[in-house]
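Open the structure in your viewer and keep the selection tool at hand. The stops below are meant to be taken in order.

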Amino acid sequence: MAVKKIKEDLYLINTLHWERRLFDELIPLPEGTTYNAYLIKGKSKTALIDTTDTLKVEEFLSDLKSIGINRIDYIISNHAEQDHSGAIPAVLNLFPESIVVTNEKCAELLKTHLQIPQDKFMVIGEGDTIDLGGKTLKFIMTPWVHWPETQTTLLLEDKIAFTCDFFGSHLPTTEFTSDGTPELYTAAKRYYAEIMAPFRNMIPKNIEKIENFSPDMICPSHGPIYTNPQFIINAYKDWSSNKVENLVAILYVSMHHSVERAVRFLEQKLIDEGVNVKVFNLTVADTGEIAMALIDIATLIIATPTVLASAHPLTVYYTYLANALRPKTKYLAIINSYGWGGKTVDDLKNIFSNFKGEIIDVISFKGLPDQNAYESLEKLAKAIGEKHRSDGLIKN
Ligand code: FEO
């Protein structure tokens with residue numbers, strides 16, 4: 001836990017959760033995470049923007065008290081998910097005069113998830129403002145980054161945007177602010193890939209709203225504060241665009257090295273074609289690395305053995321996840337080694353129902369890859385090379 005004065009009358013209350021290794025029981029956190037709350041003191045009123053995770057309430061209250069405030073008038077809730085709203089009931093309890101300020105959808109979710117009573121809410125809408133005395137908060141709706149109720153709070157006089165999850169990163173650091181480092185870029189990309197990517201179509205409109213404000217700082221509720229907002233705005237523009245790279249990701253499982261032989265052969269043939277490749281053995285792969293690859297790749301290849309009459313469960317899991325993340329991937333191929341039958345390929349196609357691109361090929365072989373399989377794999381590499389070339393992804 002840490003309190004950091006960002007500027008006069010603006011404090012960051014930073015819950016540093018170094019040891020957390022999983023978020024939503026799904027997303028790996030190699031370095032842990034932070035939950036950022038912000039306290040703003042006006043001449044007449046005090047506002048708290050977001051709080052912390054339900055796991056860290058006690059520490060949060062202790063940090064809040066350490067700032068020396070004797071009242072909180074407004075608890076601004078930019079997002080109802082419990083990693084930011086978890087301490088709202090405790091803050092309401094500690095400062096009974098305070099009221100939760102948020103949009104109607106968020107209020108509904110807070111009532112549902114935290115059982116905050118109706119009379120503790122002040123409901124605001126697009127463009128509404130609150131005067132704290134020399135400091136004005138303005139609310140803009142930034143839906144679906146990443147829940148339907150997400151909003152951004154602007155501090156007008158200081159030109160600061162409090163964006164909650166939007167632009168966040170799971171990167172705990174006591175440097176607290178950053179003008180943009182490669183480490184932060186990667187952490188923010190990982191975060192985008194895991195959390196925001198399914199809502200890619202909603203991102204540009206929300207970026208535009210923030211950019212129109214020309215903020216001097218972006219204060220997210222995870223990771224460092226951006227003192228150079230264009231760093232993360234430009235990154236989001238890039239990630240949410242239709243742009244893909246000359247890159248193939250091969251997600252594979254191999255039980256007895258049959259699939260692996262095909263994958264290794266294909267990997268070399270793709271390299272020969274001038275196509276870049278990332279290979280993920282799903283038994284040891286990092287979900288975040290796969291999610292990040294799905295932001296960039298033009299082509300995805302899923303390679304699996306048949307087991308229990310369908311795809312290996314790990315392949316099923318990652319195909320399901322890829323489907324949920326809705327990658328902008330243009331081309332797909334499936335490789336399958338089977339023993340005596342099964343419906344592996346049909347099952348995978350059904351699971352990947354959000355994929356609207358082109359299936360370049362499906363290559364199935366019995367047991368080890370035979371001559372026909374190797375010829376098909378070579379043809380597949382050539383076809384991918386041609387697609388990437390005709391799309392202008394291969395420069396030479
Ligand atoms: Fe950081 Fe959607 O919560």
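Select Ala309 to begin. With a relative accessibility of 44%, Ala309 is partly exposed; buried means under 20% relative accessible area, exposed means over 50%, and partly exposed lies in between, using a 1.4 Å probe and protein chains only. Its phi is positive, about 75°, although Ala309 is not a glycine. The residue sits in the loop between β19 and β20. Strands here are DSSP runs of E with at least two residues, helices are DSSP runs of H or I with at least four, and both are numbered from the N terminus.

The model is predicted, and local features need pLDDT of at least 70, side-chain atom pairs count only at pLDDT 80 or more, while totals for chains, interfaces and linings use all residues. Residues are numbered from 1 along each chain as its sequence is written, and side-chain values use heavy atoms, with hydrogens and water left out.

Next, select Leu308. Leu308 belongs to the loop between β19 (297-307) and β20 (310-311). Its phi is near 55°, a positive value in a residue that is not glycine. Is Leu308 buried or exposed? Leu308 is exposed, at a relative accessible area of 80%.

Move to the loop between β11 (136-141) and β12 (151-155), where His146 is found. The peptide bond joining Val145 and His146 is cis, with omega about 20°. As background to these stops, most residues other than glycine have a negative phi, and most peptide bonds are trans.

Now show the strands. Seven of them form an open sheet with mixed pairing, in the order β1-β2-β5-β6-β7-β8-β9; two strands pair if DSSP finds at least two bridges between them. At the edges are β1 (2-7) and β9 (121-123), each pairing on one side only. Neighbouring strands of the sheet are turned by 25° against each other on average, direction ignored.

Within the sheet, select β6 (residues 46-49) and β7 (residues 74-76), which run parallel and are joined by three bridges. Which residue in β7 is the bridge partner of Ile49? The partner is Ile76.

Last, select residues 248-385. UniProt lists this span as "domain: Flavodoxin-like" in an unreviewed entry; UniProt positions are given in the numbering used here, feature names are shortened, and annotations may be inferred rather than shown by experiment. The span is 44% helix and 30% strand, and its end C-alpha atoms lie 10 Å apart.

Terms used: Axes fitted to C-alpha atoms, helices over the stretch in contact; angles between N-to-C directions.
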